[in-house]
Amino acid sequence: LTRSSEAESEKWTLSIAETCIKAALVAEQNVKDYEKALSFLNEALHHRPRHEGASIALGRLYIKLQNPTSAQQHLNALLEENPNSVEASELMADLMFNSASFQSAVFHYHKLLEKNPGNFEIMAKYIQVCKRIGKLELMEDLLMKEDSPAVRFKLSPGYHYCRGLYFRSVSKLNDAMREFVLCKRDSIWGERTLCMMVDIFLNPGNETIGGDALEGAIDNSASTSNLNTEAEMLGVVAAGRLLKVYDIYTGF
Amino acid sequence: MIFIQDSDYKNSLRMQILECHVMMGSKQKEEIERAISIQMEVLNSEREYIPAIYGTAVGFMLLKQTPRARNQLKRLGKTEWNMEFADEIEKSWLLLADIYIQGGKYDLAIDLLKKVTAVNQSCSKAWEYLGFIMEKEHAYKDAAEHYHKCWVLERQSNPAIGFKLAFNYLKAKRYTDAIDISHAVLHSFPDYPKIEKEILQKARSNLRFP
């Protein structure tokens, strides 16, 4: 092969791989044919064995299909090749989170956050995992202290979302609201912020809505009728207004 | 790309369900029914969409149609826990446990609640339910332990939990603990009813006459 034809074939395989990735995306998201998506991604990797986007997409698909063994094999190979890949390590941590191996997930997320203190997508997941193992204090150093590494990014909406998440988890609702207000208009964080705010309005005490096994046992004097108290009513109205404003913004 | 991105579509679904929850929050019959029918439509196109399954179950519970709610929730019995719908799955398990407790099926409820605490140690509600069941079975010592977890998790902000914890300490003959908790409750909620008379005074008199 001459040099020019080598470059040519290089170009071709790349474009084939990229087409395959796009096809996989369509198969996965629009047609919901996951087998097809898998085979497209494998084909992309066949032409371009080291294509990072394809490998990451494949790993993500394995996780989505609840196929932890294949995902782990695949991600291990990826990390061996490129130990510093943030995306691959994040996927690894997600895999652990998804299969409820919270201790390993904490380990992976923590390592990632030490290197990328401003990555709030990872931070949000880290908070969730810490909550699940009942050790929320693990993340306080990274986010809540005055000299936390994340404070440098305090202009980022993600920073406020994560702080709100923390305050919500420790039942400091007013503080949580103060943080959420700052990020509710953001295009990336807005929607989940809204979900959190509506949840606080509708159910500040994290009650089991619709369940009343505990009722009456708590306080016999409280009325157990179906009528709303005034505070509840206000919460519902506020939640409705939030969503209405959001609809106007997005035109949805 | 011209195709609607999956994530956008999913999120708009999520917002739709959120709106349904707001409707159901009004607790008016027509609104609840409307919310249920919207969510049923979602389920027609996305058969296993967990937030919609949970939402309809809540609606049926609010309409006091417990059997229909239970049937919805049972669909989630075999779902494996995953991080995308973690909150909805947990809430569904809690609601189903609540239904079982109301029907007196404590064993089934305990299984579900253990499943919840396995994936979320910080779920104070699950600890509360477990404490409730143990109190009903007169296992006051165990009940107190579970209520204690709940009390700590909510950072001592819930006087009702404090009351129950103190009550179970009293029943378990741990009088000093009962007194400590009563003081903690009265410190933050000076007007909280009954706790002074029913727990503090009883615990004190028991301490005096062993």
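**Close-up views of a two-chain predicted model**

View 1. A:A100 comes out as partly exposed, since its relative accessibility of 34% falls between the 20% and 50% cut-offs. This is a predicted model, so read the angles here as those of a prediction. A:A100 sits in the loop that links α5 and α6 of chain A. Its phi is near 60°, a positive value in a residue other than glycine. For context, most residues other than glycine have a negative phi.

**View 2. A loop residue of chain B with positive phi.** B:Q156 is not a glycine either, yet its phi is positive, at about 55°. Look for B:Q156 in the loop between α8 (140-153) and α9 of chain B. With 42% relative accessibility, B:Q156 counts as partly exposed.

View 3. Which residues of α6(A) are buried? They are A:F102, A:A105, A:V106, A:H108, A:Y109, A:L112 and A:L113. The spacing is worth a thought, because an α-helix has 3.6 residues a turn and residues three or four places apart point the same way. The cover over the buried residues of α6(A) comes from both chains: it includes α5 (86-98), α7 (120-132) and α8 (140-143) of chain A, along with α6 of chain B.

**View 4. Where chain B meets chain A.** Here 48 residues of chain B are in contact with 47 residues of chain A. The two chains bury about 4,300 Å² between them, and carbon and sulfur atoms give 57% of that area. Five salt bridges are counted between chain B and chain A. One of the salt bridges joins the side chains of B:E90 and A:R132, with N to O at 2.4 Å. On the chain B side, the elements giving two or more residues are α1 (6-25), α3 (50-62), α5 (86-102), α6 (106-119), α7 (124-136) and α9 (159-171). Sorted by class, that side of chain B has 20 nonpolar, twelve polar and 16 charged residues.

**View 5. B:N168, a buried asparagine.** B:N168 lies in helix α9 of chain B. Its relative accessible area is 0%, so B:N168 is buried. What does B:N168 touch, leaving out residues up to four places away in sequence? The list is B:E135, B:Y140, B:A143, B:A144 and B:Y147. Zooming out, chain B has eleven helices and zero strands, and buried residues make up 52% of its 210 residues. The C-alpha trace of chain B spans about 80 × 35 × 35 Å along its principal axes.

**View 6. A:I200 in helix α11.** This isoleucine, A:I200, belongs to helix α11 (residues 190-202) of chain A. A:I200 counts as buried because its relative accessibility is 6%, under the 20% cut-off. Beyond its neighbours within four places in sequence, A:I200 is in contact with A:R168, A:L173, A:A176, A:M177 and A:F180. To place A:I200 against another residue, take A:Q128: the two are 72 residues apart along the chain, and their C-alpha atoms are separated by 17 Å.

How values were computed. Residues are numbered from 1 along each chain as its sequence is written. Chains are lettered from A and ligands numbered from 1 in the order in which they are written. This is a predicted model: local features need pLDDT of at least 70, side-chain atom pairs count only at pLDDT 80 or more; totals for chains, interfaces and linings use all residues. Side-chain values use heavy atoms; hydrogens and water are left out. Contact means heavy atoms within 4.5 Å. Buried area is the accessible area (1.4 Å probe) that two parts lose on being put together, summed over both. A salt bridge is a side-chain nitrogen of Lys or Arg within 4 Å of a carboxyl oxygen of Asp or Glu. Helices (H or I, at least four residues) and strands (E, at least two) are DSSP runs, numbered from the N terminus. Ala, Val, Leu, Ile, Met, Phe, Trp, Tyr, Cys and Pro count as nonpolar, Asp, Glu, Lys and Arg as charged, and the others, Gly among them, as polar. Buried means under 20% relative accessible area, exposed over 50%, partly exposed in between (1.4 Å probe, protein chains only).
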